[in-house]
Amino acid sequence: MFEVMMYDGGVYRSEELFEAIEDVGGVILQTTRSAQILTVTMSIPGEDKDFISKVCQSIGGEVKCVPLAGTEIAVIGCTLGRHHMPHPICDIAEEVRQYGGITAVMGLARGRGKNTSQISAQEKSIIEEYDAAVFMLGNFKNCIDTKKELFKNINTPVILVCGPPIENFEDNCEVVVSGVGRKAERMKSPEEMKKLQEIGDAIDEVIKNKKTMLEEDPLFIHPAELKKLLEEYEPINMSLRPAPIVLHLDSLRVKISYREHKDYFNSLEVYGRKLKEIARVSESKIDDSSTIIHIKTLSEIEYEDKGKTQ
């Protein structure tokens, strides 16, 4: 049984941590460096948890529990304008990062106005690239009732965060967290910090449910294993973009152009098969600076294999 942990500390002596992770057969999920501060998210065997914790402490770092590690969460406001992009959105995104997830803050192009708000098909397809989406709405119940159409029929779990309590939203989202509306200051009080933790726990529960569904029909290869293979490709290894490979529950976001590196992706061998046979590889709907690799399940591959033999 593997467990996910996060090291938060300095760069000094970090090579000792990387060597320890390799020694116990663990996998580095994500590495983020800012000046001399280093954050390493890792997946390690449960029996080696104490050993890795001691290594982290010996080099002056801290170990955190990160239940959302290996996920990318979208936090969405109605627009990027200050009327719809209040401070709570940034606080929610930061809370997700504290839980170990990668976040992307987004605003809709035409989300403003109770009676004129819209979401385009392209915006929905972008949101569906993420493991889950947090929609932040406002303080007025009648406005929220109208804008629930914004996140209807999105093929990824949706968590609604808003001011007033809302009922009968089961067909539109997975869970509703009320008590967080628009405000012009950061969420700093003890009550507000508890509310942020409630949001984090709600996202964690949604992700756990998604993991349970994936366990019923496992993927051909775990995204972390595929990440290790992709890191050997020089354009990815030499990329200067933050987190060149971002893990999802059932896919990866690789931050190089699909069009420029299509031949590499199609010819990459994974356990005796071509990558294009065990995954759907396409350019991101955001732009062509990233590639989305959606790994197929064992049943999908078995079904396709039977079709080829008939």
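Residues are termed buried under 20% relative accessible area, exposed over 50%, and partly exposed in between, with a 1.4 Å probe and protein chains only. The model is predicted, so that local features require pLDDT of at least 70 and side-chain atom pairs pLDDT 80 or more, whereas totals for chains, interfaces and linings use all residues. Residues are numbered from 1 along each chain as its sequence is written, and side-chain values rest on heavy atoms, without hydrogens and water.

The protein chain contains 11 helices and 15 strands, taken as DSSP runs numbered from the N terminus (helices H or I, at least four residues; strands E, at least two). The C-alpha trace spans about 60 × 55 × 35 Å along its principal axes. Of the 310 residues, 49% count as buried. With contact defined as heavy atoms within 4.5 Å, residues 24 or more positions apart provide 66% of the contacts with a separation of 6 or more.

The largest nonpolar core comprises 30 residues; such a core is a set of buried Ala, Val, Leu, Ile, Met, Phe, Trp, Tyr and Cys residues joined through side-chain atoms within 4.5 Å. Among the residues with the most contacts inside this core are Leu226, Leu230, Leu252 and Phe265. At least two core residues are supplied by each of several elements, including strand S2 (27-34), helix H9 (262-267) and strand S15 (291-295). Helix H7 (223-230) gives the largest share, three residues. Beyond its neighbours within four places in sequence, Leu226 is in contact with Ile221, Leu252, Leu268, Val270, Leu275, Ile293 and Ile295. A second, separate core of 24 residues includes Ile73, Val75, Val161 and Met187.

Backbone geometry was also examined. Most residues other than glycine have a negative phi. Asn153, which is not a glycine, has a positive phi of about 65 degrees. Asn153 is located in the loop between helix H5 (141-147) and strand S8 (158-161), and is exposed, with a relative accessible area of 64%. Tyr271 likewise has a positive phi, near 50 degrees. The loop between strand S12 (269-270) and strand S13 (273-274) holds Tyr271, which is exposed at a relative accessible area of 58%.
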